Amino acid sequence: MKYIIVGGVASGASFACRLRRLDEFSSITIYEKTNFVSYANCGLPYYVSSTIPNKDDLCLQTPLSLKNRFNIEVKVNSEVISINPSKKEIEIKDLIHNKTYIDSYDKLILATGGKAIKLVNNTENIFELKTVEDSLRLKDYIYNNNVKSAIVIGGGFIGLEILENLKKANIDVRLVEANNHILNNFDKDMASFINQELKRNNVKLNLDTLVNKIEKVNNKVKVYTSKGEFISDILIQAIGVKPNSELAKKANLELDIKESVKVDNNYLTSHNDIYALGDLILIKSNIDDSLNYIPLAGFANKQGRQLANYLVNNTSKQIKGNGTSILKVFDIVASSTGYNETQLKSKNIAYDKIYLSPNNHASYYPNFSSLYMKILFRKDNYELLGAQIVGQDGVDKRIDILSIAIQTHLKGYQLADLELSYAPPFSSAKDPINMAGFMIENLKNKLVEQFYIEDVEEYISSSKYQLIDVRTKQEYELGHIKNSINIPIDELRDNLDKLDKSKCICLICQSAIRSYIGCRILSQHGYLCKHLSGGYKFYKTCIEDNN
């Protein structure tokens with residue numbers, strides 16, 4: 001059997017190596033357009049700042065190592081420019097010698113990945129960051145041209161990672177984002193914590209800012225936007241990626257949304273013996289089986305492995321996903337899994353949510369920090385739908401647990417029963433995941449009701465509600481919600497006469513723990529009450545960010 005793979009990065013290299021481990025005798029050839037194979041796209045921004053000092057460390061394999069260990073032929077600088085499905089042939093352009101030639105296949109695997117979405121073509125000082133060559137060119141330009149300023153267009157993963165590494169290289173950075181918040185896998189409220197970190201590190205942040213025109217002015221780049229004109233030494237386009245499906249389109253393969261290549265459950269395209277993997281295709285959701293475009297390396301590698309299993313051993317297993325991701329932004333970590341509120345609303349899925357800000361480990365052990373968590377679940381049966389966490393140590397552990405919980409269709413209240421490891425340096429006896437489960441269990445059992453940040457303005461102005469802040473006097477004086485009355489939680493029972501039983505009592509505290517206790521007190525005294533989910537801490541962050 002003769003296998004040809006177009007593209008030698010995550011899915012292509014993973015497929016090739018797994019195939020060889022299962023089949024010693026078939027012919028396996030990878031054609032790769034760039035000069036590098038099996039490289040780590042996710043590491044590219046860190047090479048620019050020399051956090052990863054050696055470019056060779058970006059490559060997990062080389063053509064020589066793949067030949068020596070796996071007997072895989074790798075032809076780099078070789079662009080496949082057309083497919084003839086009826087003849088089972090491909091046409092390749094040798095980019096070094098500028099000549100074309102034909103090769104044939106029994107099975108063809110398309111692993112051409114995604115391509116950067118760009119507003120303008122790259123020039124001497126306009127860059128994207130998709131390949132090793134991109135990072136080499138960017139780093140060389142920075143250090144050979146005394147670059148002092150940069151504009152990054154796009155507040156997604158690559159945009160945030162490259163701006164952090166540009167700051168590490170002592171470059172002044174401006175981030176321009178068309179949406180009203182960065183990271184579209186996050187909701188705006190949770191993105192506020194990341195915005196704060198960017199501002200703490202002197203990143204100029206322009207949200208809700210549309211780019212109208214880009215032009216070169218002498219040796220600079222000038223960007224005309226809806227919020228004014230900005231000029232810098234370099235510009236990096238990090239707007240996102242889309243399926244690199246031009247080759248498939250030319251071969252008349254059937255496409256799907258976003259021009260992804262349509263495949264069946266075993267990655268077969270609309271043509272026999274042509275398969276597609278990775279950022280070329282859609283992923284089926286663990287939550288509702290809908291198809292989504294989620295260009296993540298984890299999926300690409302798993303798909304490559306699974307396709308090899310299928311083609312050699314006829315073992316079929318569909319890989320579904322939550323879109324679990326994590327990102328370092330200076331001194332914080334941001335992670336998400338499953339759907340966010342925007343996505344749930346677009347899908348008309350009825351949901352509820354909780355916010356909490358527990359410590360990452362026991363508060364009596366040194367150097368604890370807060371985890372800011374948002375968890376979404378179905379309104380009818382409490383099945384988990386999504387989560388977002390921002391913090392420092394311990395974010396990765398919790399988001400991975402929640403991803404597994406979503407994948408196995410756990411109910412939110414079942415988080416209370418999970419057995420999780422505990423020692424003071426790592427967690428608390430009641431882990432933040434357990435705490436989330438307790439909170440959802442309380443909602444299920446109708447022990448408490450919540451209101452949210454988006455309700456506050458209505459509650460301030462309505463005569464139906466009485467806002468009570470149960471923090472200490474000192475906390476209250478440092479900042480509070482307008483029209484709220486301060487009655488510290490330990491004094492609440494002695495001040496019931498100050499509460500209006502004809503109104504809904506809306507309790508507020510710093511992190512929603514004391515306000516929950518206050519609700520339990522008041523509800524047993526016959527008061528209608530609810531508390532602010534997430535507390536004043538979440539409210540203050542969101543309000544300050546919007547101002």
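**Close-up 1. Lys 222, a partly exposed residue with a relative accessible area of 22%, and its salt-bridge partner Glu 229.** In this predicted model, the closest N and O atoms of Lys 222 and Glu 229 are 3.3 Å apart, and the two residues form a salt bridge.

**Close-up 2. The salt bridge between Asp 289 and Lys 320.** Here the closest N and O atoms are 2.7 Å apart, and the pair links distant parts of the chain, 31 residues apart, with Asp 289 in the loop between strand 19 (283–285) and strand 20 (291–292) and Lys 320 in strand 21 (residues 320–321). Asp 289 is partly exposed at 40% relative accessibility, and Lys 320 is partly exposed with a relative accessible area of 31%.

**Close-up 3. The side chains of Lys 118 and Glu 128, joined in a salt bridge.** The N to O distance in this pair is 3.0 Å. Lys 118 lies in the loop between strand 8 (114–116) and strand 9 (126–127), whereas Glu 128 belongs to the loop between strand 9 and helix 4 (132–144), so the contact ties together parts that are ten residues apart in sequence. Lys 118 is partly exposed at 34% relative accessibility, while Glu 128, with a relative accessible area of 11%, is buried.

**Close-up 4. A network of salt bridges.** Asp 187, Asp 189, Glu 341, Lys 353, Lys 374 and Glu 454 are linked with one another in this network. Across the whole structure, a search finds 28 salt bridges.

Terms used:
Residues numbered from 1 in each chain as written. Predicted model: local features only at pLDDT ≥ 70, side-chain atom pairs only at ≥ 80, totals over all residues. Heavy atoms only, no water. Salt bridge = Lys/Arg side-chain N within 4 Å of Asp/Glu carboxyl O. Helix = DSSP H or I, 4+ residues; strand = E, 2+ residues; numbered from the N terminus. Buried < 20%, exposed > 50% of the residue type's maximum accessible area, 1.4 Å probe, protein only.
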